[in-house]
Amino acid sequence: MSPHLLILGGTTEARELAGVLAARAGVRVTTSLAGRVARPGALDGEVRIGGFGGAEGLADWLREQHVDAVVDATHPFAAAITENAVRAGAATGVPVVVLRRPGWTAGAADRWHLVDSLADAAEALARFGRRVFLTTGRLGLSAFIGLTDRHFLVRSVELPEPPVPPNTQVLIARGPFTVTDETALLREHRIDVLVTKDSGGEATAAKLTAARELALPVVVVRRPPLPEGVRAVADAAGVLGRLGLDSA
Ligand code: NAP
């Protein structure tokens, strides 16, 4: 019978991997999405949407659907689903491969301030100017609501979830972004400081180059740690290698 692979998705890498795996003869691929985005783009293979009901629910799903391997290709900050995948894998004996795009690294000219959470990022902003470019996503903006003397430009793919800080201008946009456009945006809005998660990847890295060129400080939220003992692979080739499909 064809092996059944479950991809935990919601990222560009997951979409690309579904394309690579679905093109393999004799491989059944299902991508799972949390259901946060109203109109997710088309995906190769099968798609299921919505939570599983914790690690136990995911383990049940793996058994019922006769899943042979799981690839956790979720966002580096989606720590709960990664933890659940590792636990469900341990409970069922189904192998779990964690795919994580590499994080960003600061160059000599960068003015980065690393913090561990959005709450710490909010606290760090006291050191910088009033006009903040916030690119940490549509969720978790409540961490900044106490900063009533700051002006926020919030960019996200969909409308931010309330509560948002009082002086907020929202920009709905989806990457990839170019350095030229990011530089123009920072200038136009007279941004003093950028806030980002260490999401990694090419699509949204241009803002960091633009900030460097304008000598702006950047508050970078570190990634949550991977579950104990997990060694992630960085790309689709790494996933194929772990699944034993690299020479197929
Ligand atoms: P999370 O905190 O790790 O997960 C919360 C719950 O959402 C999980 O316990 C699970 O519910 C459900 N879930 C998450 N990903 C799922 C998936 N791919 N398929 C089915 N259920 C899923 O996740 P999050 O940070 O809210 O992110 C949700 C999704 O958005 C992820 O798929 C992630 O790849 C994507 N995303 C996240 C970010 C970010 O910054 N966090 C950015 C871009 C994209 P149950 O316990 O009920 O199974």
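Which residue forms a salt bridge with aspartate 116? In this predicted model, where residues are numbered from 1 along each chain as its sequence is written, local features need pLDDT of at least 70, side-chain atom pairs count only at pLDDT 80 or more, and totals for chains, interfaces and linings use all residues. Side-chain values use heavy atoms, with hydrogens and water left out.

The partner of aspartate 116 is arginine 222, and the closest N and O atoms of the pair are 3.0 Å apart. Because arginine 222 lies in the loop between β11 (217–221) and α7 (236–243), and aspartate 116 in the loop between β6 (111–115) and α4 (118–124), the pair ties together parts that are 106 residues apart in sequence; helices (H or I, at least four residues) and strands (E, at least two) are DSSP runs numbered from the N terminus. Arginine 222 is partly exposed at 38% relative accessibility, whereas aspartate 116, at 54%, is exposed (buried means under 20% relative accessible area, exposed over 50%, and partly exposed in between, with a 1.4 Å probe and protein chains only).

The structure holds 10 salt bridges, each defined as a side-chain nitrogen of Lys or Arg within 4 Å of a carboxyl oxygen of Asp or Glu. Among them is the pair of glutamate 46 and arginine 28, with closest N and O atoms 2.9 Å apart, which links strand β3 (residues 46–49) to strand β2 across 18 residues. Glutamate 46 counts as partly exposed because its relative accessibility is 36%, and arginine 28 is likewise partly exposed at 31%. In another salt bridge, aspartate 149 and arginine 150 bring their closest N and O atoms to 3.1 Å; aspartate 149 is partly exposed at 44%, while arginine 150 is buried at 9%.

The ligand is surrounded by 22 residues, the closest being Gly9, Ser32, Arg36, Phe52 and Lys197, where a residue is included if one of its heavy atoms lies within 4 Å. This shell divides into 8 nonpolar, 11 polar and 3 charged residues, and α3 contributes the largest share, 4 residues. Taken alone, the ligand exposes 800 Å², of which the protein buries 74%, as computed by the Shrake-Rupley method with a 1.4 Å probe.

Terms used. Ala, Val, Leu, Ile, Met, Phe, Trp, Tyr, Cys and Pro count as nonpolar, Asp, Glu, Lys and Arg as charged, and the others, Gly among them, as polar.
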